[in-house]
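I opened this notebook to record what I looked up in one structure. The entries below follow the order in which I consulted it.

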Amino acid sequence: MEYCKLQVGGLLILLYIAFCYYRERSKMKLKYKNIRFGGLLLLSIVYIIFDGLTAYFVNCPAMIDSTLNRIFHLFFLLSLDAFIFSSFLYLVSITEGIPKKRGKLVALWSPFVINILVVIFHIDSLEYRHGEISNYSMGESVYTCFIMVGIYLLLSFITFFRRWNYMESQKRISIFTYLMVLLCVTGYQALNPQSLISSIGIVVIVVGIYMNLENPALKKLHYYHSEMVMGFATLVENKDDSTGGHIRRTTEYVKLLSGELRKRGIYKNILTKDYINNLLLAAPMHDVGKVSIPDAILQKPGKLTDEEFSEMKKHAANGGRIIQDTFGHLGEEQYGRIAYEVARFHHEKWNGKGYPEGLKRREIPLSARIMAIADVFDAVSQTRCYRPAMPLQKCFEIIEEGSGQDFEPILVDVFLDIREQVEQVHHQINDQNRA
């Protein structure tokens with residue numbers, strides 16, 4: 001046990017994390033599943049086991065056959081490679097998403113595959129060396145493994161800093177912390193190979209991800225937060241009884257449009273997974289400012305007077321202020337910012353003739369530009385107290401005619417391209433409301 005105390009301690013921590021993770025998931029009956037974290041957790045346990053075995057037997061070679069010792073080292077190196085690669089894929093998946101283009105996938109997988117082949121074919125050249133505090137193994141397989149760890153660590157930092165501005169603060173701190181720990185542990189292990197402390201980095205990564213990103217209690221809290229936001233938005237919607245289902249439809253339109261933009265690589269540096277998730281959570285709040293508008297104006301069956309319309313326009317600025325006062329102190333910096341942008345700026349126009357600030361073109365936040373299309377399309381496609389619903393063909397024509405005037409042209413083009421999906425959402429939610 002003298003040479004593998006660190007690994008035994010790490011294994012106990014990982015087993016405890018696994019027990020808590022699956023117990024809490026079962027207790028809360030969460031539908032959310034993250035296969036990558038489950039795989040990462042399993043790989044970390046496998047790695048720690050073989051790390052402990054190799055650390056012990058490299059210092060007690062007389063207790064094991066040399067062939068079996070090499071087999072243990074082979075599984076140790078392969079499990080380390082698999083864990084580092086999987087942790088990199090996990091980072092990509094929670095920040096920008098796994099790419100679907102073949103060329104990018106090949107680039108991601110190539111160092112890992114090459115390293116696996118080198119480790120397997122050169123495991124027989126493994127050398128055992130004597131250190132002052134511990135024996136350790138070296139050779140081409142080990143060198144290649146260190147190089148692969150360095151490559152994916154570098155790629156992880158690049159991915160992280162590329163998405164820094166569009167990442168939730170909690171996720172940002174957690175990822176930066178475990179990347180720095182991994183960098184320090186890897187650097188020390190490479191400079192002092194007899195230290196055998198690589199398991200520390202693995203344990204810190206898993207514990208950090210679990211506590212800050214994958215804890216079922218946090219998932220449950222996020223679910224309650226979403227329900228609270230939707231409930232609050234529904235109360236606002238009920239104030240204007242002519243817009244039943246408006247928040248559900250507009251949120252779905254935003255989801256379709258932002259997802260298609262991301263799929264096509266348009267605004268890919270902004271439309272990260274975090275950004276889109278926060279945008280979808282913020283979309284229902286776009287009309288929250290209407291709570292400050294008198295019912296007589298909101299529900300007026302005829303055309304508004306100039307004074308009444310001026311009063312109605314105040315809901316955008318009021319909505320931004322309400323967001324700041326009610327959701328601006330929750331610690332979710334990105335969500336608060338996007339919700340504010342959506343509420344305050346969704347009536348701004350591409351040509352600068354909107355309100356409340358008369359912003360133009362890309363002065364208008366992307367979140368508000370996307371929301372504007374969804375909001376206008378749904379507004380003209382539904383019956384209001386002052387006019388009947390327009391045919392869908394006419395609704396799409398209104399969006400198309402607004403290209404370059406009311407809306408950003410590229411967003412209009414993409415929205416028109418996904419017309420079939422938009423119509424499906426429109427009919428589905430309307431049918432549900434009538435049921």
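Predicted model: local features only at pLDDT ≥ 70, side-chain atom pairs only at ≥ 80, totals over all residues.

Entry 1, a residue in helix 10. I began with L281, which is buried because its relative accessible area is 9%; buried means under 20% relative accessible area, exposed over 50% and partly exposed in between, with a 1.4 Å probe and protein chains only. L281 belongs to helix 10, residues 273-282. I take helices (H or I, at least four residues) and strands (E, at least two) as DSSP runs numbered from the N terminus. T251 lies 30 residues from L281 in sequence, and their C-alpha atoms are 8.3 Å apart.

Residues are numbered from 1 along each chain as its sequence is written, and side-chain values use heavy atoms, with hydrogens and water left out.

I found 17 helices and two strands in the chain. Of its 435 residues, 51% count as buried. I looked up the contacts (heavy atoms within 4.5 Å) with a separation of 6 or more: 71% of them join residues 24 or more positions apart.

I examined helix 3 (residues 66-95) and helix 4 (residues 102-121), whose axes come within 10 Å and cross at roughly 175°. Axes are lines fitted to C-alpha atoms, for helices over the stretch in contact, and angles run from 0 to 180 degrees between N-to-C directions. The two helices are therefore roughly antiparallel; angles under 35 degrees count as roughly parallel, over 145 as roughly antiparallel, 65 to 115 as roughly perpendicular and the rest as oblique. Among the residues that meet are L74, F85 and F88 of helix 3 and W109, F112 and I116 of helix 4. By class, this contact of helix 3 with helix 4 has 13 nonpolar, one polar and one charged residues. Here Ala, Val, Leu, Ile, Met, Phe, Trp, Tyr, Cys and Pro count as nonpolar, Asp, Glu, Lys and Arg as charged, and the others, Gly among them, as polar.

S93 is in helix 3 and counts as buried at 6% relative accessibility. Beyond four places in sequence, S93 touches R36, I98 and K273. P99 sits in the loop between helix 3 and helix 4. The C-alpha atoms of P99 and K263 are separated by 9.4 Å, although these residues are 164 apart along the chain.

I asked which residues touch the most other members of the largest nonpolar core. They are I84, I175 and I209, in a core of 60 residues; such a core is a set of buried Ala, Val, Leu, Ile, Met, Phe, Trp, Tyr and Cys residues joined through side-chain atoms within 4.5 Å. Helix 3 gives the largest share of this core, 16 residues. Another core, of 43 residues, lies apart from it and includes L261 and I323.

L257, E260, L261 and R264 of helix 9 and L411, V414, F415 and D417 of helix 16 make the contact. By class, I recorded five nonpolar, no polar and three charged residues there.
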